[in-house]
Amino acid sequence: MLEEVKDSNGNPVRVGAQYFIQPVKTESNNGGGLVPAATNILPFCPLGITQTLLPYQPGLPVSFGYHPNILGRDTIDTSADINIEFRSPIWPVCTEFSKLWAVDSSSASKEPAVIIGGEPKSPNSAFKIEKAAGAHTYKLTTSSGTVGTTPGAWLSAPQLLVTNDVAKTLFVKFVKVDNDATTATTSTSRVEKLGLKMFPFY
């Protein structure tokens, strides 16, 4: 049964609005936000996605959408196919790729990386949000498994991948980026500054 996905304040997650995907802090996860990062030395692109090593660093915001758009449906539902896209005015490298999340279809690994550079119509860019234990807590899934983490190449920062190992599952909350009229200028500035800091290779 489809239900509206709720943000960390209990409000419906809306199509096109910007949110931080905030990993839930546990004994094995510091709760750092999600950022683009290279997963290979060569080829450098497309980028993968890692967690920051700094707890409470929110990462880069994303937006969620249906493809194709569903007329009259402006909230995101659980178990529905969606696209996830990073939203940042600062994107210094790999600009020939889109900012859409995708499962790395070129990988022969049983646990392929989640990368940036997907295509809206591609099955590899289709994700679902499923409920998990805890208030307003969710996990991301794909047709081939659940989004989880493994120690990555950069200082062992957790790297996102698709796995069927439940011990690796990444549990998340969605924190709305503050865009109301009174703080629009400062929030945009803050996100841009975060964008500069969120590229480990920049």
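Modeller: The side chains of Arg 14 and Asp 74 form a salt bridge, 3.4 Å from N to O. This pair links distant parts of the chain: Arg 14 is in the segment before β1, and Asp 74 is in the loop between β4 and β5, 60 residues away. This is a predicted model, in which local features need pLDDT of at least 70 and side-chain atom pairs count only at pLDDT 80 or more, while totals for chains, interfaces and linings use all residues. Residues are numbered from 1 along each chain as its sequence is written, and side-chain values use heavy atoms, with hydrogens and water left out.

Biologist: Why is the contact of Arg 14 and Asp 74 called a salt bridge?

Modeller: The term requires a side-chain nitrogen of Lys or Arg within 4 Å of a carboxyl oxygen of Asp or Glu. Arg 14 and Asp 74 have N and O at 3.4 Å, so the label applies. In general, side chains of opposite charge can pair when their charged atoms come close.

Biologist: Are Arg 14 and Asp 74 buried, partly exposed or exposed, and how do you know?

Modeller: Buried means under 20% relative accessible area, exposed means over 50%, and partly exposed is in between (1.4 Å probe, protein chains only). Arg 14 has 38%, so it is partly exposed. Asp 74 has 46% and is also partly exposed.

Biologist: How many salt bridges does the structure hold?

Modeller: There are five. One of them joins Glu 3 and Lys 131, again at 3.4 Å from N to O. Glu 3 lies in the segment before β1 and Lys 131 in strand β8, so this pair ties together parts 128 residues apart in sequence. Strands here are DSSP runs of E with at least two residues, numbered from the N terminus. Glu 3 is partly exposed at 36%, and Lys 131 is exposed at 51%.

Biologist: What makes two strands a pair, taking β1 and β12?

Modeller: DSSP has to find at least two bridges between them. β1 and β12 (residues 171–176) have five bridges, in the antiparallel sense, so they qualify. Gln 22 stands opposite Lys 173 in β12. β9 (residues 138–142) and β12 are also antiparallel, with two bridges. There, Lys 139 has Phe 171 of β12 as its bridge partner.

Biologist: Why is the aromatic pair of Phe 86 and Trp 91 given the name it has?

Modeller: The structure holds six aromatic pairs. In the case of Phe 86 and Trp 91, the ring centres are 6.1 Å apart and the planes are at 45°, so the pair is tilted. The rule is that rings of Phe, Tyr and Trp (its six-membered ring) pair with centres within 6.5 Å; planes under 30 degrees apart are stacked, over 60 edge-to-face, and the rest tilted. Phe 86 is buried at 1%, and Trp 91 is buried at 11%. Trp 101 and Phe 127 also have centres 6.1 Å apart, but with 85° between the planes their pair is edge-to-face. Trp 101 lies in strand β6 and Phe 127 in the loop between β7 and β8, so this pair ties together parts 26 residues apart in sequence. Trp 101 is buried at 0%, as is Phe 127 at 0%.

Biologist: Which residues have the most contacts inside the largest nonpolar core?

Modeller: They are Ile 21, Phe 64, Ile 84, Trp 101, Ile 129 and Phe 174, in a core of 35 residues. Elements giving two or more residues to this core include β1, β4, β5 and β12. A nonpolar core is a set of buried Ala, Val, Leu, Ile, Met, Phe, Trp, Tyr and Cys residues joined through side-chain atoms within 4.5 Å. In soluble globular proteins, nonpolar side chains tend to be buried together. Phe 64 and Phe 174 also belong to a cluster linked by ring pairs, with Tyr 19 and Tyr 138.

Biologist: What does Ser 8 touch beyond four places in sequence?

Modeller: Ser 8 touches His 136, Phe 174 and Val 175, where contact means heavy atoms within 4.5 Å. Its C-alpha atom is 7.7 Å from that of Lys 176, 168 residues away along the chain. Ser 8 has 31% relative accessibility and therefore counts as partly exposed.

Terms used: Helix = DSSP H or I, 4+ residues; strand = E, 2+ residues; numbered from the N terminus.
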